[in-house]
Amino acid sequence: MQIAQLPNSTGITGKGSGTARGVDGASGSVDSASARTDGASPRGSAAPLQRGLSNWDHQLQGEISNAQQTLDYLERSSSQLQALKSELAAKLAARAGRDGQVEARVRQFSSTWRQRTSDSGGSLDAQLGYSSPQSAQQSFTIRGLTMASLREGSQEVLAFAVGGANQALRSVSIDPGLTDEEIISRFDRALMPSNIRVRQGEDGQVVFSTPESSWANVRDSLSVRGSGIRFPGGQMNRVRTDPEPPAIMPEQWDTSDIESLRATLHEVVQALAHIQQSRASVSLALAQATARVESAQAKPVDVSMDTVAQSFTDKASKPGYDSLLAISSALVGISRERVISLLGLR
C-alpha cells in the first residue's frame with residue numbers, strides 16, 4: 001500500500017494573465033505555457049507522491065505574477081512610445097502632420113505613465129527599476145544632510161521621527177572619525193524600523209529610500225532633532241526632502257513649435273531606451289523565477305505504509321524523547337468516541 005497525492009492541474013495565475021509564461025530571451029517577449037500534470041495511474045498502482053502547484057512557494061508565484069504584469073505594462077508603454085516617435089518624425093519631416101495626433105499620443109502615454117504603480121503591481125519604480133517581491137521604492141535626499149556635513153563637526157545625536165513627534169524616535173550617533181561606510185550603516189540600522197533604508201549614492205551623497213506607498217507620509221512628516229551642530233535642538237524640526245526625479249517626465253514634453261518637437265523626439269528616444277532596458281531586466285527576473293519553479297518540484301517519491309509502520313516501531317521501542325514524541329504524535333486526535341466508532345465497523 002502506498003500514500004498517494006492526487007495530481008494538481010491548477011495553473012499559476014498572474015495578475016491579468018491566465019497561465020504562467022516563459023521568457024523568449026531573444027526578444028524579451030513572453031510565451032504562454034500552462035503547467036502540466038501526469039495522467040492517472042492504473043488501478044492498483046498508486047500515483048507517486050508529488051508536490052503540486054498548491055504547495056509551491058506563494059512568494060515565488062507572486063514574483064512570476066508581478067513580472068508578467070510588469071512586462072505587459074512595459075510592452076504597452078513601448079508600443080505607445082513607438083507610435084509617438086513615428087508621429088513626431090513625420091511631423092518634423094513634412095513640417096506638418098495630422099492635426100492633434102502628436103498631442104493625442106503624448107496624452108495617451110502620459111496617462112499610461114501615471115498608472116505605472118497600479119499597472120505594474122507596485123513592482124516598477126519611477127526610474128523603471130524592477131523589484132519583487134519587495135515593492136517599488138522612492139529614493140530621496142534630505143536637505144542639509146550631506147556626507148560632508150556628517151564627516152565634519154563635533155559629536156551629535158540626531159533623532160528622527162516619521163508620522164509626527166509622538167512617534168518612536170530613531171537615534172543616530174555621529175562621531176568624529178567615522179568612515180563613510182560606518183555613517184551609512186548607522187543611519188540604515190536606525191531608520192530601518194521606520195521602513196526607511198539608507199545608502200551612499202554614486203556621487204557620495206546620502207540617499208534614503210522608502211516604499212512608494214509610504215512616500216507621502218515620509219515626505220510630509222519626517223522630522224529631525226539635533227543638538228545645534230547639524231540640526232537645531234529642542235523640538236523636532238520638519239525637514240525638506242527632495243525626491244529622485246523619474247526617468248520619464250511626459251508632462252514636460254512640449255509640441256508647440258519645431259524646436260519643441262525636436263526636443264520631445266529626443267526625450268521619447270531616451271524613454272524608449274529606458275523601457276527596453278527595464279524590459280530586459282524584468283524578462284531576466286521572470287526567467288529566473290520560472291527556473292526556480294521547475295527546481296521547486298520534488299522528484300517522485302514512493303512511500304509505503306510498511307516503511308511508515310517500521311519507522312514508528314523502531315522509535316517507539318526505544319526509551320527516550322523520540323519514543324514519547326512518536327507515541328504522543330500518533331495519539332493526537334484519538335478520542336473515546338472515535339475508538340468506539342472504529343470498533344463498531346468490525
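Author: A crossing is left-handed if the near helix is turned anticlockwise from the far one by less than a right angle, and right-handed if clockwise. The model is predicted, so local features need pLDDT of at least 70 and side-chain atom pairs pLDDT 80 or more, while totals for chains, interfaces and linings use all residues. Residues are numbered from 1 along each chain as its sequence is written, and side-chain values use heavy atoms, without hydrogens and water.

Reader: How many helices and strands are in the protein chain?
Author: Both are DSSP runs numbered from the N terminus (helices H or I, at least four residues; strands E, at least two). The count for the protein chain is 10 helices and 10 strands.

Reader: What is the handedness of the crossing of H1 and H2?
Author: The axes of H1 (residues 58-94) and H2 (residues 101-114) come within 9 Å and cross at roughly 160°; axes are lines fitted to C-alpha atoms, for helices over the stretch in contact, with angles from 0 to 180 degrees between N-to-C directions. H1 and H2 are therefore roughly antiparallel (over 145 degrees; under 35 is roughly parallel, 65 to 115 roughly perpendicular, the rest oblique). The crossing of H1 and H2 is left-handed.

Reader: How many nonpolar, polar and charged residues are in the contact of H1 with H2?
Author: Contact means heavy atoms within 4.5 Å. The residues of H1 include Tyr 73, Leu 81 and Lys 91, and those of H2 include Val 106, Phe 109 and Trp 113. Ala, Val, Leu, Ile, Met, Phe, Trp, Tyr, Cys and Pro count as nonpolar, Asp, Glu, Lys and Arg as charged, and the others, Gly among them, as polar. By class, the contact of H1 with H2 has nine nonpolar, five polar and five charged residues.

Reader: Which strands stand at the edges of the open sheet?
Author: Four antiparallel strands form the open sheet, in the order E5-E4-E8-E9. Two strands pair if DSSP finds at least two bridges between them. One side is left without a neighbour in the sheet where a strand has a single partner, so the edge strands are E5 (170-174) and E9 (237-238).

Reader: Is Thr 241 buried or exposed?
Author: Thr 241 is found in strand E10 (residues 241-243). Residues that Thr 241 touches include Phe 140, Trp 215 and Leu 222. Buried means under 20% relative accessible area, exposed over 50%, partly exposed in between (1.4 Å probe, protein chains only). The relative accessible area of Thr 241 is 12%, so Thr 241 is buried.

Note on methods. Lists of a residue's contacts leave out its neighbours within four places in sequence.
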